[in-house]
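Here is a short tour for anyone meeting this structure for the first time. Take a look around, then read on.

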Amino acid sequence: MGEFIRTGLIGHPTGHSKSPLIHNHWIGACGLSGEYVAIDVMGEALAQEIERLKREGFKGFNVTIPHKQAVMALCDELDEPAREIGAVNTVVIGGNGALHGSNTDAFGFLQNLREEAPDFAFGKAPAVVLGSGGAARAIIYALLKTGVPEIRLANRTRARAEDLVANCVHPERIRIVDWDDRDGALGDASLLVNTTSVGMAGTEMLGIDLGRLPQGATVYDIVYVPLLTGLLESARDRGLTIVTGIGMLLHQARPAFKAWYGVLPEVTNELVAKVLV
Ligand code: ATR
């Protein structure tokens with residue numbers, strides 16, 4: 001076994017995070033030596049905590065709510081997705097203590113789509129995105145990169161969608177749709193993505209008429225508890241292609257692991273089963 005490599009997750013709260021389970025599984029599965037720990041940090045303590053990780057020789061860390069934006073100012077370098085999405089979820093600590101910030105959510109979103117819906121034709125038809133939070137920013141960045149001709153964006157609070165588009169590199173390829181008109185946006189779309197938290201265990205249903213989507217369309221829900229959300233169940237009943245959210249969580253973790261441990265790990269059925277428990 002090689003060097004003992006320490007990594008972790010900075011956020012608040014961190015108790016429900018699956019990241020320690022995922023990364024520690026890969027450390028074992030790849031025969032490496034190291035540990036990934038959850039580090040609960042409140043707002044003011046962020047910079048101080050990062051200094052501690054540097055002193056203790058950490059190789060890097062993930063960043064989650066509420067620090068994904070704040071950590072950007074502390075990074076010495078940001079990769080293109082982090083800059084354009086406006087958030088950092090992965091930091092590598094260089095040998096000189098420099099912080100390299102990146103964002104792997106767009107990679108995770110696309111990799112999961114490619115694996116679960118291999119016939120999906122990017123660039124052919126519009127995509128409809130529901131929601132305008134951090135996840136939506138990463139997904140819109142990813143879809144624009146793949147050449148999707150138009151994104152129709154609907155958010156309950158329209159001003160938040162307007163803010164997202166104003167900060168986007170290709171605002172001309174995004175059309176904002178009123179939340180109440182979301183059914184009408186589905187007509188000739190090939191992809192519907194739910195990035196809102198609606199559908200999470202115990203919360204209400206999205207209330208969208210999937211009958212308006214063309215046959216052959218794909219429905220992708222980033223919510224993964226439950227794995228088959230109400231939205232995905234109705235999509236499946238209609239014969240549409242469905243993509244669950246668990247793969248996005250797992251695939252976004254792979255480039256981070258590679259940056260710290262030097263190996264691009266695999267998403268296996270064993271790991272999926274562990275994470276879904
Ligand atoms: P994340 O960073 O994970 O995307 P977020 O920033 O909290 O999370 O965003 C949550 C998204 O879910 C938002 O688009 C939110 O809509 P608002 O901007 O109007 O708050 C959306 N959302 C949450 N609850 C919702 C509900 N009951 N109906 C519709 N949209 C909802």
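A cavity here is a set of grid points where a 1.4 Å probe fits but cannot get out, while a pocket is an open set. Keep in mind that this is a predicted model. Rolling a probe the size of a water molecule over the atoms shows where empty space is left. With a cut-off of 30 Å³ or more, a search of the whole structure turns up two cavities.

| Space | Volume | Lining by class |
|---|---|---|
| Largest pocket | about 1,800 Å³ | 21 nonpolar, 22 polar and seven charged residues |
| Largest cavity | about 90 Å³ | seven nonpolar, one polar and two charged residues |
| Second largest cavity | about 50 Å³ | four nonpolar, four polar and one charged residues |

Let's start with the pocket. Its lining takes in 50 residues, and Thr-64, Ile-65, Ala-135, Met-200 and Ile-222 are the ones nearest its centre. Strand E3 (60-63), helix H5 (134-146) and helix H8 (246-261) are the elements that give two or more residues to this lining. Helix H5 gives the most, with five residues.

Helix H5 turns up again at the largest cavity. Residues lining that cavity include Arg-137, Ile-140, Tyr-141 and Leu-144, along with Glu-84 and Ile-85. Two elements, helix H3 (80-85) and H5, each give two or more residues to the lining, and H5 again gives the most, this time four. As for the second largest cavity, its lining includes Asn-194, Met-205, Asp-221 and Leu-231.

Now for the sheet. What order do its strands take? The six strands run E9-E8-E7-E10-E11-E12 in an open sheet, with parallel pairing. Strand E9 (174-178) and strand E12 (241-243) are at the edges and have a single partner strand each, so one side of each lacks a neighbour in the sheet. From one strand to the next, the twist averages 20°. For a look at one pairing, take strand E7 (residues 127-130) and strand E8 (residues 151-155): they pair in the parallel sense over four bridges, and Ala-127 stands opposite Ile-151 in E8.

Phe-109 sits in helix H4 (residues 105-116) and Tyr-220 in strand E11 (residues 218-221), so to speak a link between distant parts of the chain, 111 residues apart. Are these two residues buried or exposed? Phe-109 is buried, with a relative accessible area of 0%, and Tyr-220 is buried with a value of 0% too.

Another pair, Phe-120 and Phe-122, has ring centres 4.9 Å apart and planes at 85°, so this one is edge-to-face. Phe-120 counts as buried at 12% relative accessibility, whereas Phe-122, at 25%, counts as partly exposed. Ring pairs also join Trp-26, Phe-257 and Tyr-261 into a cluster.

One last stop is Gln-69, which you'll find in the loop between E3 and strand E4 (77-78). Gln-69 has 49% relative accessibility and counts as partly exposed. Its C-alpha atom is separated by 37 Å from that of Gly-216, which is 147 residues away along the chain.

Key: Residues numbered from 1 in each chain as written. Predicted model: local features only at pLDDT ≥ 70, side-chain atom pairs only at ≥ 80, totals over all residues. Heavy atoms only, no water. Pairing = 2+ DSSP bridges. Axes fitted to C-alpha atoms, helices over the stretch in contact; angles between N-to-C directions. 1 Å grid on protein atoms, 1.4 Å probe; cavity = no way out; pocket = protein on both sides within 12 Å on 5 of 7 lines; lining within 4 Å. Points joined across faces, edges and corners; volume = space filled by probe spheres on them. Nonpolar A, V, L, I, M, F, W, Y, C, P; charged D, E, K, R; others polar. Buried < 20%, exposed > 50% of the residue type's maximum accessible area, 1.4 Å probe, protein only. Phe/Tyr/Trp six-rings, centres within 6.5 Å; stacked < 30°, edge-to-face > 60°.
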